[in-house]
Amino acid sequence: MATTATPATAAATSTATTSEKKKPVFVKVESLKPGTHGHNLTVKVVESNTVKATGGGSRGGRVSASLNSRAPPRISECLIGDETGCILFTARNEQVDLMKPGATVILRNAKIDMFKGSMRLAVDKWGRVEVTEPADIAVNDQNNLSLVEYELVNVDE
């Protein structure tokens, strides 16, 4: 016989876990690895370049009125970093306005995306980009993690 939680005990359990939130652990750029997620970083924006959006409203060559009413996504590639290294960050839509050169930003729940064999940092709907007070961060542009090319290798067990 299986036991199920009553709504009262389920609510009590969920409030107990949400009240004991963990402090965010901030990492440095040099510690980022391919295929990882959940990173919190404080970085400085070095440069921001708008990328032309492709394929915004069409599918298979046909454009419908409902798909075309949506604005094409705005995408910008930003070089961000800290004193340990730098990496390209893919800013989307509202994030583009926050990523101004010279700005200090806090990235919460960032993930590593692979693009053409190199790492890119991104924040999706589960994360957050916040502009904070300007910090004195000397970005180490000699250690650009986006210039390292990775190759997917299948391992036989």
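**Figure 1. Asn93 in the loop between β3 and α3 of the predicted model.** Asn93 is partly exposed, with a relative accessible area of 31%. The structure shown here and in the other views is a predicted model. Asn93 sits in the loop that runs between β3 (85-92) and α3 (94-98). Although Asn93 is not a glycine, its phi is positive, at about 50°.

**Figure 2. Asn109 in strand β4.** Asn109 belongs to strand β4, which covers residues 104-115. Its phi is near 55°, a positive value in a residue other than glycine. With a relative accessibility of 31%, Asn109 counts as partly exposed. Asn109 is also among the residues in contact with His39 once the neighbours of His39 within four places in sequence are set aside.

Figure 3. His39 is placed in strand β1, residues 37-51. The relative accessible area of His39 is 11%, which is under the 20% limit, so His39 counts as buried. The side chains of His39 and Thr36 are joined by a polar contact of 2.7 Å. Beyond its neighbours within four places in sequence, His39 is in contact with Val27, Leu32, Leu107, Arg108, Asn109, Ala110 and Ile112.

**Figure 4. Pairing of β1 with β4 and β2.** Strands β1 and β4 run antiparallel and are joined by 6 bridges. In this pair, Leu41 stands opposite Leu107 of β4. Strands β1 and β2 also run antiparallel, with 7 bridges between them. Here Glu47 stands opposite Leu79 of β2.

**Figure 5. The largest nonpolar core.** This core holds 21 residues, of which Leu32, Ile80, Ile87, Phe89, Met99, Leu107 and Leu121 touch the most other members. Two or more residues come from each of β1, β2 (75-82), β3, β4 and β5 (118-122). The largest contribution is that of β4, with 4 residues. In soluble globular proteins, nonpolar side chains tend to be buried together.

**Figure 6. Contacts of Leu32.** Leu32 is one of the core residues that touch the most other members. Apart from neighbours within four places in sequence, Leu32 is in contact with Val27, His39, Leu41, Ile87, Ile112, Met119, Leu121 and Leu145. Among these, Leu41 is the residue that stands opposite Leu107 in β4, and His39 lies in strand β1.

**Figure 7. Cysteines Cys78 and Cys86.** Cys78 counts as buried because its relative accessibility is 0%. Cys86 is likewise buried, with a relative accessible area of 0%. The structure holds 0 disulfides. A disulfide is a covalent bond between the sulfur atoms of two cysteines.

**Figure 8. The chain as context for the close-ups.** The secondary structure of the chain comprises 3 helices and 6 strands, which follow one another along the sequence as α-β-α-β-β-α-β-β-β. Of the 157 residues in the chain, 27% are buried. Among contacts in the chain with a separation of 6 or more, 67% are between residues 24 or more positions apart. The accessible surface of the chain is about 11000 Å², and carbon and sulfur atoms account for 53% of that surface.

Conventions
Residues are numbered from 1 along each chain as its sequence is written. This is a predicted model: local features need pLDDT of at least 70, side-chain atom pairs count only at pLDDT 80 or more; totals for chains, interfaces and linings use all residues. Side-chain values use heavy atoms; hydrogens and water are left out. A disulfide is a pair of cysteine sulfur atoms within 2.5 Å. Buried means under 20% relative accessible area, exposed over 50%, partly exposed in between (1.4 Å probe, protein chains only). A polar contact is a pair of N or O atoms within 3.5 Å; within protein, one must be able to donate a hydrogen and the other to accept it, and residues adjacent in sequence count only if both atoms are side-chain atoms. Contact means heavy atoms within 4.5 Å. Accessible areas come from the Shrake-Rupley method with a 1.4 Å probe; for residues, only the protein chains shown count as cover. A nonpolar core is a set of buried Ala, Val, Leu, Ile, Met, Phe, Trp, Tyr and Cys residues joined through side-chain atoms within 4.5 Å. Two strands pair if DSSP finds at least two bridges between them.
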